[in-house]
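Let's read a protein model feature by feature. Have the sequence and the structure open side by side.

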Amino acid sequence: MTDRDAALDPASMRKQYRAEGLAEADLAATPVEQFARWFKEAAIEGHLFEPNAMIVSTADAEGRPSSRTVLLKHFDEQGFVFYTNYDSRKAGELAENPYVSLLFPWHAMARQVIVTGVARRTGRDETAAYFRSRPHGSQLGAWASAQSSVIADRTDLDATYTELAARYQEGEQVPVPPNWGGFRVAPGAVEFWQGRENRLHDRLRYVAEADGSWRVERLSP
Ligand SMILES: Cc1cc2nc3c(=O)[nH]c(=O)nc-3n(C[C@H](O)[C@H](O)[C@H](O)COP(=O)(O)O)c2cc1C
């Protein structure tokens, strides 16, 4: 095998992860607070590109899964919020089965966070407030795309966008599309994974208790 072949062979791609770990004693009181710490470290110290990019996995009524990357737009003790098209595949699956998994793949820091929980639509006021904060072009794009539907080619999409751009000039208020909005994922469990040497990683998982408190458990790597 040449060096180049070896460099492209997934089986020989191996990184030694960092020594500093994650200890129970260092954890914040709630998973959202702990997420806020790691998110800050990813964004500020890690300089990660789009640390708010997360893999959203849903499953249909028969339990068949599907995944895609989506941007986290807000988080607080109520949950993790993203915005999308309510006619999309993911939204259709969430209507049948609200259980969802969010995965933040912070590879450059040898970290991942996995949130599992239940997704509910955000209220229209919250959706409208976020929609108005988006760039004009993204607002028009939300109208132009029937997300997840099969289309013949780009022509109609570009033509629709051009028509919308003529109707709504830059600076003019674009109405919120009725089929566009947010989902808030209320966490039931949140795992913080820190890569360590020799594959002896730390995995600490917060699990919601019935009384609203959190239990922390350590998982074997
Ligand atoms: C970095 C990145 C960020 C994305 N952010 C969003 C987003 O915030 N909302 C969204 O609906 N799609 C987003 N997408 C597109 C989705 O991955 C996906 O193609 C789209 O939502 C349709 O998914 P579905 O057909 O499974 O419903 C993003 C893709 C990438 C690669």
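Q: Where does His 47 lie?

A: His 47 lies in the loop between helix 2 (31–45) and strand 1. Keep in mind that this is a predicted model.

Q: Is His 47 buried or exposed, and why?

A: Count C-beta neighbours. His 47 has 9 inside 10 Å, so it counts as exposed.

Q: What can be said of Ser 148?

A: Ser 148 also has a positive phi, about 80°, although it is not a glycine. It sits in the loop between helix 5 (136–144) and helix 6 (155–167). Ser 148 is partly exposed, because 14 other C-beta atoms lie within 10 Å. Ser 148 is also one of the residues that come nearest to the ligand.

Q: Which other residues come nearest to the ligand?

A: Of the 16 residues around the ligand, the nearest also include Arg 68, Thr 84, Ser 88 and Lys 90.

Q: Which residues of helix 3 are buried?

A: Lys 90, Ala 91, Glu 93 and Leu 94 are buried in helix 3. Look down the helix axis: these buried residues fall within an arc of 160°, so they line one face of the helix.

Q: What covers the buried residues of helix 3?

A: The cover includes strand 1 (53–59), strand 2 and strand 3. It also includes strand 4 (99–106), strand 5 (111–121) and strand 6 (180–194).

Q: How many residues are in the largest nonpolar core?

A: The general idea comes first. In soluble globular proteins, nonpolar side chains tend to be buried together. Here the largest nonpolar core has 29 residues. Phe 35, Leu 102, Val 113 and Val 185 have the most contacts inside it.

Q: What does Val 185 touch, leaving out residues up to four places away in sequence?

A: Val 185 touches Gly 79, Phe 80, Val 100, Leu 102, Val 115, Gly 117 and Ala 119.

Q: Which domains does UniProt list?

A: An unreviewed entry lists a "Pyridoxamine 5'-phosphate oxidase N-terminal" domain at residues 47–164. Over that stretch the chain is 31% helix and 38% strand. For residues 180–221, UniProt lists "Pyridoxine 5'-phosphate oxidase dimerisation C-terminal", also in an unreviewed entry. That stretch is 0% helix and 64% strand, and its end C-alpha atoms are 39 Å apart.

Q: How many helices and strands does the protein have?

A: Six helices and eight strands. Along the sequence they run α-α-β-β-β-α-β-β-α-α-α-β-β-β. Buried residues make up 23% of the 221 residues. Last, take contacts between residues at least 6 apart in sequence: 61% join residues at least 24 apart.

Conventions. Residues numbered from 1 in each chain as written. Predicted model: local features only at pLDDT ≥ 70, side-chain atom pairs only at ≥ 80, totals over all residues. UniProt positions renumbered as here; feature names shortened; annotations may be inferred. Helix = DSSP H or I, 4+ residues; strand = E, 2+ residues; numbered from the N terminus. Core = buried A, V, L, I, M, F, W, Y, C linked by C-beta atoms within 7 Å. Buried ≥ 20, exposed ≤ 12 C-beta atoms within 10 Å, placed from the backbone. Contact = placed C-beta atoms within 7 Å. Near = placed C-beta within 6 Å. Arc of directions from axis to C-beta.
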